[in-house]
Amino acid sequence: MSTQAKLPPSSIPLFTTVSSFREWRRKVYDERKSVGFVATMGALHEGHLSLVRKSLAENDLTVMSIFVNPAQFAPHEDLATYPRTLPGDLELLTAESMMVVNPSASEPITRKASAVFLPTVSEMYPSGISQDTSAQKGAFVEVKGYGHQMEGQSRPTFFRGVATIVTKLFNAIEVSGALSDPFSRSHGGARQPTNAYFGQKDIQQALLLRRMCKDLLLSHPDPSHVHIVPTARDPTNGLALSSRNAYLTSDGKKVAPTLKEALTAAESAWNEGLTKRECVLRAEQVIDAKRTQARSEGLEVEMRLDYVQLNDSGTFEVVEDQSRRLGDGSDPVILSGALWVDKTRLIDNIILGDQSRILA
Ligand SMILES: Nc1ncnc2c1ncn2[C@@H]1O[C@H](COP(=O)(O)OP(=O)(O)OP(=O)(O)O)[C@@H](O)[C@H]1O
Ligand SMILES: CC(C)(CO)[C@@H](O)C(=O)[O-]
Ligand code: BAL
């Protein structure tokens with residue numbers, strides 16, 4: 001099944017071309033299997049594995065893609081140095097298994113990941129890909145009006161790159177199932193994955209992708225099959241797990257949890273009824289205090305706050321004050337932030353209001 005000589009050994013089938021992947025997908029379509037899809041850039045950690053576990057629990061089969069997508073990195077960003085750890089990733093994924101009770105079988109069955117899609121850059125971008133958007137050729141997907149706030153303010157070309165690659169990945173898993181087929185109808189046509197799983201850590205990305213599925217009238221997944229899974233954290237200090245945490249120095253690791261602490265302080269301020277400005281001030285105070293402490297302890301680390309923001313989770317528009325009431329049936333508010341620790345950019349968020357309206 002493996003189509004590339006240099007791939008590490010793997011008991012999970014690996015596919016590097018769209019055609020070989022689709023062949024596999026067609027076969028499982030014919031076998032009437034539901035498929036869960038977890039898109040990643042590799043360098044796997046517990047956060048990725050939490051998405052895999054949810055998919056294993058909810059689908060017959062689980063597929064992961066590992067692809068470091070050049071189009072979502074700006075020219076000055078870390079495409080060249082992004083951690084690439086395929087052998088370790090495959091070991092972690094292979095170790096994941098889940099017992100599930102299948103009503104049609106007498107014994108519980110064990111589910112494991114069923115396939116990994118590892119395309120090359122030229123497979124995903126047949127017209128080539130430049131990180132300079134003005135030099136790009138080919139088709140791209142933009143979700144207008146939802147990509148310039150929060151992360152998009154600091155990374156203006158990021159969401160265009162993400163929306164484009166995720167559309168391609170969804171399409172790569174397409175099979176031409178007959179829409180008249182009853183199984184196909186109940187699974188939205190079986191042309192794209194049954195369920196897709198994204199992490200809350202990248203909340204704007206996940207919500208924007210839901211919006212994209214809605215606006216492009218995608219049926220597989222339709223927006224209700226785009227699931228958002230809570231952020232997995234380091235249990236000792238609350239730091240959101242992230243592949244880029246691997247860049248942190250030992251001093252950097254000591255201050256990295258400050259972002260979550262700052263957001264928690266802002267959350268308390270919000271719960272006291274304060275305005276956005278006051279909430280942001282609280283967060284900044286936490287970071288300033290940690291910077292002072294780090295200096296006094298002789299840590300060699302620089303911290304620079306990129307932003308702390310409050311945004312409506314439906315529109316992404318900035319929420320200025322409590323006149324935007326929670327609990328009145330309206331969309332929750334996202335309290336999010338980005339912090340540079342030396343050259344590592346950390347992001348995190350807290351959902352204010354009814355999380356169940358977003359996480360599912
Ligand atoms: N801590 C986490 N908890 C839950 N999901 C996560 C976590 N970290 C990443 N994910 C999700 O895993 C998927 C793949 O993410 P990706 O491969 O970019 O990893 P990452 O750790 O977010 O990397 P980076 O450091 O580049 O942000 C995304 O849907 C992302 O939101
Ligand atoms: C969704 C994604 C795999 C697209 O490249 C990436 O942005 C990520 O890993 O979060
Ligand atoms: N986890 C989001 C991918 C990125 O920052 O490029």
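Me: Why is helix 6 called oblique to helix 8 in this predicted model?

Reply: Helix 6 (residues 158–172) and helix 8 (residues 203–215) pack at an angle of about 55°, and their axes are 10 Å apart. Angles under 35 degrees count as roughly parallel, those over 145 as roughly antiparallel, and 65 to 115 as roughly perpendicular; the rest are oblique. The angle of about 55° therefore makes helix 6 oblique to helix 8.

Me: Is the crossing of helix 6 and helix 8 left-handed or right-handed?

Reply: The crossing of these two helices is right-handed.

Me: Which residues of helix 6 meet helix 8?

Reply: Helix 6 contributes Phe158, Phe159, Val162, Ala163, Val166, Thr167 and Phe170. On the side of helix 8, the partners are Gln204, Gln205, Leu208, Leu209, Met212 and Cys213. By class, this contact has ten nonpolar, three polar and no charged residues.

Me: Which residues lie around ligand 2?

Reply: The residues around ligand 2 are Ala39, Thr40, Met41, Asn69, Gln72, Val162, Ile165, Val166 and Gln205. Among them, Val162 and Val166 in helix 6 and Gln205 in helix 8 also take part in the contact between the helices.

Me: How do you know that Gln72 and Gln205 make polar contacts with ligand 2?

Reply: A polar contact requires a pair of N or O atoms within 3.5 Å. A polar side-chain atom of Gln72 lies 2.7 Å from an oxygen atom of ligand 2, and a polar side-chain atom of Gln205 lies 2.7 Å from an oxygen atom of this ligand.

Me: What makes the pairing of Asp202 with ligand 3 a polar contact?

Reply: A polar side-chain atom of Asp202 is 3.1 Å from a nitrogen atom of ligand 3, which is within 3.5 Å, so the pair qualifies.

Me: How many residues surround ligand 1, and which are the closest?

Reply: Ligand 1 is surrounded by 20 residues, the closest being Tyr82, Lys201, Asp202, Ser242 and Ser243.

Me: Why do His48, Ser242 and Arg244 count as polar contacts of ligand 1?

Reply: Polar side-chain atoms lie 2.9 Å from a ligand 1 oxygen atom for His48, 2.5 Å for Ser242 and 2.8 Å for Arg244. Each value is within 3.5 Å, so each pair counts as a polar contact.

Conventions. Residues numbered from 1 in each chain as written. Chains lettered and ligands numbered in written order. Predicted model: local features only at pLDDT ≥ 70, side-chain atom pairs only at ≥ 80, totals over all residues. Heavy atoms only, no water. Axes fitted to C-alpha atoms, helices over the stretch in contact; angles between N-to-C directions. Helix = DSSP H or I, 4+ residues; strand = E, 2+ residues; numbered from the N terminus. Left-handed = near helix turned anticlockwise from the far one by under 90°. Contact = heavy atoms within 4.5 Å. Nonpolar A, V, L, I, M, F, W, Y, C, P; charged D, E, K, R; others polar. Near = heavy atom within 4 Å. Polar contact = N/O pair within 3.5 Å; in protein donor to acceptor, adjacent residues only side chain to side chain.
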